[in-house]
Every structure is written in C-alpha cells, then in structure tokens.
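Notes follow in the order I checked things.

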Amino acid sequence: MSNTLQEKKYKKLITILSIVIPIAVAALFGINLRELGFDVKPLTFLPPIYATINGITAVVLIAAVVAIKKGNKKLHEQLNTVAIACSLAFLLMYIAYHMTSDSTKFGGEGTIKYVYYFILITHIILSVIVIPFVLLTYMRAKLEQFPEHKKIAKKTFPIWLYVAITGVVVYIMISPYYA
C-alpha cells in the first residue's frame with residue numbers, strides 16, 4: 001500500500017477516534033451502574049492509581065524527548081508507545097471509576113476554588129484536543145514522515161505533558177474530598 005493511501009486510511013481512523021473517544025467518555029461519565037440497579041462495588045481505589053499513571057505518563061514523555069535529543073530513535077518510539085498505553089489505561093480506569101462511583105465535589109473555597117476549576121477545565125479541554133495531535137504525531141512517525149512528525153510533535157508534547165501533569169494536580173487537589 002502506498003504511503004498516500006496509508007495516510008488517508010490513518011487520517012480517517014484518527015478523525016473517527018478523535019470524535020468517538022470524547023463522546024464515549026462523556027456518555028459513559030454520565031452513567032452510574034449502581035444508580036441503574038447493577039450490583040457493582042464502587043471502584044474507589046482507582047483515583048490514586050490513575051493519577052499515578054498520569055504522573056508516569058509525564059515522566060515517560062520527558063524521557064522520550066531526552067531519548068530523541070540523544071539520537072536514540074528506538075527508545076524514543078518505545079517510550080511514546082508506553083505513554084500512549086498509559087493514557088489509554090488512565091482513560092479506561094477513569095471511566096470505570098465514574099461508572100461505579102459518585103462524583104466527588106471539590107470542597108475548597110475562595111481563590112483555591114478558582115485555581116482548581118481553571119486547572120480542571122483546561123485539563124479537560126486539552127485532553128480532548130490532544131487526542132488527534134497524539135494520533136497524528138504517531139502516524140507521522142509510523143509512516144516515516146519525520147520532518148512532519150517533528151513539526152507536530154513540538155505542539156503535541158507540551159499539550160500532552162500539561163494534560164498528564166494537571167491530571168495529577170487535579171487528583172491532589174480533590175483527594176481530601178473523596179468519601
């Protein structure tokens with residue numbers, strides 16, 4: 001298959017995933033299995049795990065940049081694959097938690113409340129925006145379009161790193177309010 005055909009195929013898949021993933025997360029976020037009568041235990045142990053995975057994602061992303069700056073393409077590719085896997089694991093655990101547990105409300109007041117909501121809202125918005133960036137960056141590398149890969153990676157990396165770090169920050173800020 002030619003590179004152009006592969007690219008068209010990948011771009012179609014990227015478009016579909018970039019639309020379906022946020023819609024599915026939003027839809028599943030609104031479904032609480034216990035409220036629907038299912039006998040499931042709340043997965044209250046998940047938030048510190050998925051916050052840790054976000055932290056690992058941030059470290060792995062930084063390590064991937066260091067690897068490529070040192071010329072180690074193989075390690076760079078492996079680390080980015082791990083970062084994608086971590087992000088996917090986070091997403092699955094996040095959905096599982098919210099489908100089995102009641103949402104936790106932030107209890108802080110005053111300025112900290114505004115700081116929390118600013119971080120939370122930017123985290124959510126950028127977590128949706130980063131999906132096509134990550135997938136397109138990965139596709140460019142897989143198709144060995146390295147100049148294009150490098151160009152988009154310069155945009156993808158800071159957004160993805162921000163999402164990973166703010167995921168941890170949001171957890172730390174809301175953790176005192178978990179039931």
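The model I am reading is a predicted one.

**Entry 1. H2 against H5**

I took the pair H2 and H5 and looked up the residues that meet. From H2 I listed Pro47, Pro48, Ala51, Asn54, Gly55, Thr57, Ala58, Leu61, Ile62 and Val65. On the H5 side they meet Phe157, Trp160, Leu161, Ala164, Ile165, Gly167, Val168 and Tyr171.

Two packed helices are described by the angle between their axes and the distance between the axes. I noted the crossing of H2 past H5 as left-handed.

**Entry 2. The core**

Next I asked which residues make up the largest nonpolar core. There are 10 residues in all: Val60, Leu61, Ala64, Ala67, Leu79, Ala83, Val130, Val134, Ile159 and Trp160. Helices H2 (46-69), H3 (73-100), H4 (111-142) and H5 (146-174) are the elements that give two or more residues to this core. H2 gives the most, with 4 residues.

Leu61 and Trp160 are core members, and I had already written both down where H2 meets H5. I then followed Ile159. Leaving aside neighbours within four places in sequence, Ile159 is in contact with Leu126 and Val130. Val130 is itself listed in the core.

In soluble globular proteins, nonpolar side chains tend to be buried together.

**Entry 3. H1 against H4**

I repeated the axis check for H1 and H4. Their axes come within 9 Å and cross at roughly 160 degrees. By the cut-off of 145 degrees, H1 and H4 are therefore roughly antiparallel to each other. This crossing is right-handed.

On the H1 side I listed Glu7, Tyr10, Lys11, Ile14, Leu17, Ser18, Ile21 and Pro22. These meet Val128, Ile131, Pro132, Leu135, Leu136, Met139 and Arg140 in H4. Glu7, Lys11 and Arg140 are charged residues in that list, and I took them up again in the next entry.

**Entry 4. Salt bridges**

How many salt bridges does the structure hold? I find 4. Side chains of opposite charge can pair when their charged atoms come close.

I began with Glu7 and Lys11, whose side chains meet at 3.2 Å, N to O. Both lie in helix H1 (residues 3-29), 4 residues apart, which is about one turn of the helix. Are the two partners buried or exposed? Glu7 is buried, with a relative accessible area of 17%, whereas Lys11 is partly exposed at 36%.

Asp102 and Arg34 were next, with their side chains 3.4 Å apart, N to O, in a salt bridge. Asp102 lies in the loop between H3 and H4 and Arg34 in the loop between H1 and H2, so the pair ties together parts that are 68 residues apart in sequence. Asp102 is partly exposed at 45% relative accessibility, and Arg34 is partly exposed at 32%.

For Lys142 and Glu77 I noted a salt bridge of 2.8 Å, N to O. Lys142 is in helix H4 and Glu77 in helix H3, so this pair ties together parts that are 65 residues apart in sequence. The relative accessible area is 42% for Lys142 and 35% for Glu77, and each counts as partly exposed.

I also looked for shared partners. Salt bridges that share partners join Glu7, Lys11 and Arg140 into one network.

**Entry 5. Two loop residues**

I finished with the loops. Gly107 lies in the loop between H3 and H4 and is partly exposed, at 37% relative accessibility. I looked up its distance to Ile174: the two are 67 residues apart in sequence and 7.7 Å apart in space, C-alpha to C-alpha.

Glu144 sits in the loop between H4 and H5. Glu144 has a positive phi of about 60 degrees although it is not a glycine. Most residues other than glycine have a negative phi. Glu144 is exposed, with a relative accessible area of 60%.

Key:
Residues are numbered from 1 along each chain as its sequence is written. This is a predicted model: local features need pLDDT of at least 70, side-chain atom pairs count only at pLDDT 80 or more; totals for chains, interfaces and linings use all residues. Side-chain values use heavy atoms; hydrogens and water are left out. A nonpolar core is a set of buried Ala, Val, Leu, Ile, Met, Phe, Trp, Tyr and Cys residues joined through side-chain atoms within 4.5 Å. Buried means under 20% relative accessible area, exposed over 50%, partly exposed in between (1.4 Å probe, protein chains only). Contact means heavy atoms within 4.5 Å. A crossing is left-handed if the near helix is turned anticlockwise from the far one by less than a right angle, and right-handed if clockwise. Axes are lines fitted to C-alpha atoms, for helices over the stretch in contact, and angles run from 0 to 180 degrees between N-to-C directions. Angles under 35 degrees count as roughly parallel, over 145 as roughly antiparallel, 65 to 115 as roughly perpendicular and the rest as oblique.
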